[in-house]
Amino acid sequence: MVADPETDPDSEADRDVLEELASLPTLAHPTVSPDGDRVAYYHDVTGRNELHVLDVETGESERWSAGEVPRNARWFVRWDADGERVYFHDDAAGDEQNDVYAIDEAGQVDSIVETDGQNVLQAVDPNGEFVVAGSTRDGQMNCYRHDPGDGSVTQLTDYDRAVWGATMSPDGQRIAYTTNETDDYDNLDVYVASVDSLAMDGPAGSEDDRSDARNLEIGEVGAEAGIADWHPDGDRLLVSDNTEDLTRCGVYDLEADSVRWLGDLSHEEQPECFDATGDRVVVTRTRDATTTPVVYDLDTGDGRELDLPEGVASFGMAGETVIDEDRLLLTHTTPTRRPDLLAYDLTDDTTETLVAADHGPFSPADFADAEYLTFDSDGVPAAPAEAVNHDPYETLEIGALLYDSGERPSPLIVNPHGGPRGRDSKAFDLYTQVLVQQGFSVLQVNYRGSTGRGREFVEALYDDWGGAEQGDVAVGVEHVLEEYEWLDDDRIAVFGGSYGGYSAYWQLVQYPSLYDAGVAWIGLTDLEEMYETTMPHFRTELMEKYLGTPDEHPELYTERSPITHAENLAAPLFLVHGVNDRRVPVSQARLFRDRLEELGYVAGEDGDFEYEELGEEGHASSDIDQKKRMFRLLVDFLSRRVEAA
């Protein structure tokens, strides 16, 4: 809710709310040390992202870094095997071509993985001899063994499709990972192999593969199986599968080659970890726009939800969220409360706050809560489609979140999420609260294709970008305008980033009559060019998985590209893009800008569109200074263009 200067003494006219919001300290990627006595995490409480280490027993925190770690806290951290160092990822000004380093308590930094491409730490040998990193160094994302002692690098996998989620057995002898070797592009399987066979006999998936890698064949072909954690005894795996539509979790017995499934498939559940004893399994359950932890007792199969307020709970990486036999590390947040770092005791359902959420000069009451609502959509709004006409799709119930700014009448910002495999939830969203503090109400629509609703709901977006999911967003706008009379239908803007940026572009060229302005941030405009220039694993696991290749579906790639329909733009548009973006290259914004100019659109503050490239930034950033820059650009544009509309 917007602060009232007449009733709130801290809301004087000269108070810089944007500065204060952007400067709120953010904690990221908490991870428990191997012995459970410490937690490493990123925190920008000093004004810059730094690595901090917390003593769980005393509650005291120590800063290990002094500028050695990246300013942007996008990528996670992990402990080494002996708990003496913490691994972190760093890149060049946000380009995500990460290398991996280790830092110790004295601030000494050592290079661990340093090659071309994107490198992502996936597994740490518990004996401390090597690490496994996913890398695009040779093209596709595959796994490589790095031995820091002698500097050797050994390729472990060589698949045409990306390899994900490699995790090491407790004895360091075997590795589990996911990839797809079938002709069904939607498929994902879990593999297990001995590390030595992969290293000595040829990488799994290569022509000379003589390794013992085996497909566990969990679920049907075309479904997605996943791997989360090894049992402490090393004889079982915590896995997932969406053969039955909703994702379920189970324990795979490697000797018996069988899975014991947990739960009743009443909600989608994602696996997290075994507890320290191996007697319990932790999963997270999605319900509407919330995420709740559930603990299953493996003796009885009974599950119980943890005693936490409605909101979003999340865990770190499997195996690094367990403090001891009874306690787990997790974060918890709500729309009005920033994330608290908690130790949850499974024996008595009590929580200890390890690091309390920092709200700066604000309190939770200063922030807008989220109202969860639903509406029916056939993917075809009443607003005329100016780019592509669609027959009605299957009518589905669509969920959405609405944040009320308290302004009357209130302008509305429509904010589609990115991904597209993602969803908006009842978690604290800084960008939303920035907009609310400026007097804008915010609508977030979990269109078909969003997660949390099962496999069929996700796959509804396959082969149909710019189709029913964009219709769902527009139907959601029409629904709230009809149901909430305090919304001003003459002041509506769309703002999104990444796939949400694609949505912003598409909403403006497909349904121009709905909007008075738009902001497209790091968004896609030319799908074929995106296919050619993005990173290899985004090419296969995003573009090809959702749309096929441009050679297979040239008409679809052309028809569903916003640049094809740029002449439909009828409202002021702000194009914003990081120059170092390797997921969605800056050429996507430049091409759309150039096309607008070819069509006679005029750039400038009083023109048809505005354009800004963000230096030293890639695919968004958590850095405080870069957030300040983005907030000011966003609010300046919207205050001029929407208020004046």
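This is a predicted model: local features need pLDDT of at least 70, side-chain atom pairs count only at pLDDT 80 or more; totals for chains, interfaces and linings use all residues.
Let's start with Tyr499, which is buried, with a relative accessible area of 2%. In total, 22 aromatic pairs are counted.

**Trp465 and Tyr499**
- These two residues form an edge-to-face aromatic pair, with 4.9 Å from centre to centre and 70° between the planes.
- Trp465 sits in the loop between α4 (455–459) and α5 (468–483), while Tyr499 belongs to helix α6 (residues 499–510), so their pairing ties together parts that lie 34 residues apart in sequence.
- Trp465 has 0% relative accessibility and counts as buried, because the cut-off for that label is under 20%.

**Tyr531 and Tyr557**
- Here the ring centres are 6.2 Å apart and the planes stand at 85°, so this pair is edge-to-face.
- The pair links distant parts of the chain, 26 residues apart: Tyr531 is in helix α7 (residues 527–533) and Tyr557 is in helix α9 (residues 554–559).
- Tyr531 counts as buried at 11% relative accessibility, and Tyr557 also counts as buried, at 1%.

**A cluster of rings**
- Ring pairs join Tyr447, Tyr462, Trp465, Tyr499, Tyr502, Trp506 and Tyr546 into a cluster.

**Arginines over ring faces**
- Arg161 lies over the face of Tyr185, 3.7 Å from the ring centre.
- Arg453 lies over the face of Phe457, at 4.1 Å from the centre of that ring.

Note on methods:
Residues are numbered from 1 along each chain as its sequence is written. Side-chain values use heavy atoms; hydrogens and water are left out. Rings of Phe, Tyr and Trp (its six-membered ring) pair if their centres lie within 6.5 Å; planes under 30 degrees apart count as stacked, over 60 as edge-to-face and the rest as tilted. Helices (H or I, at least four residues) and strands (E, at least two) are DSSP runs, numbered from the N terminus. Buried means under 20% relative accessible area, exposed over 50%, partly exposed in between (1.4 Å probe, protein chains only). A charge sits over a ring if NZ of Lys or CZ of Arg is within 6 Å of the ring centre and within 35 degrees of the ring normal.
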